[in-house]
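Visitor: I would like a close look at one part of this structure. Please keep to that part and what surrounds it.

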Amino acid sequence: MAELRYGEDPEPSDPSPAGPLYVPVRPGPSGCAARLFRTPLGDRTAVGFTSALRLTATLGTDQAWIRLGEPALRALAAPLGVTTVTVDPQFTAPAPSQMPAPTPAFAA
């Protein structure tokens, strides 16, 4: 059986999500900017969620977000060299916390 090209397959094996994604953002100098994350292997990735509930379950209720289609998210991330979009990541690492400055053990 001949293998179909991606464009010829009526039901591609890797379909893109239907509808706009919920994209986490952070404040920036010109408004808001999409947050970029790292994969478990350390590569940078843009992230989108298929529902606000999934976003808040993963990143918390204080996380700001905007709605973007996957092509728009890819276009925002491409100039930064980010070519991967992760949809509905299962977990994230907690944000680093501020540690107090170490105090000297002995005073001279």
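Visitor: How many bridges join E4 to strand E6, and do they run parallel or antiparallel?

Guide: This is a predicted model, in which local features need pLDDT of at least 70 and side-chain atom pairs count only at pLDDT 80 or more, while totals for chains, interfaces and linings use all residues. Residues are numbered from 1 along each chain as its sequence is written, and side-chain values use heavy atoms, with hydrogens and water left out.

Three bridges join E4 to strand E6 (residues 85-87), and the two run parallel. Strands pair if DSSP finds at least two bridges between them. Helices (H or I, at least four residues) and strands (E, at least two) are DSSP runs, numbered from the N terminus. In this pairing Ala-46 stands opposite Val-85 in E6.

E4 also pairs with strand E3 (residues 36-38), again through three bridges, but here the strands run antiparallel. Arg-38 stands opposite Arg-44 in E4. E3 and E4 form a hairpin with five residues between them, and Gly-42 in the turn has a positive phi of about 95°.

Strand E4 covers residues 44-48, and four of its five residues are buried, so E4 is largely enclosed by the rest of the structure. Buried means under 20% relative accessible area, exposed over 50%, and partly exposed in between (1.4 Å probe, protein chains only). For the chain, buried residues make up 20% of the 108 residues.

Ala-46 and Val-85 both belong to the largest nonpolar core, which has eight residues, the others being Leu-21, Val-23, Leu-68, Leu-73, Ala-77 and Val-82. E1 and helix H2 (70-77) each supply at least two residues of this core. A nonpolar core is a set of buried Ala, Val, Leu, Ile, Met, Phe, Trp, Tyr and Cys residues joined through side-chain atoms within 4.5 Å. Another core, of five residues, lies apart from it and includes Tyr-22, Phe-37, Val-47 and Leu-55.

Val-82 touches Arg-44, Thr-45 and Ala-46, as well as Leu-36 and Ala-77, not counting residues up to four places away in sequence. Contact means heavy atoms within 4.5 Å. Among contacts in the chain between residues at least 6 apart in sequence, 67% join residues at least 24 apart.
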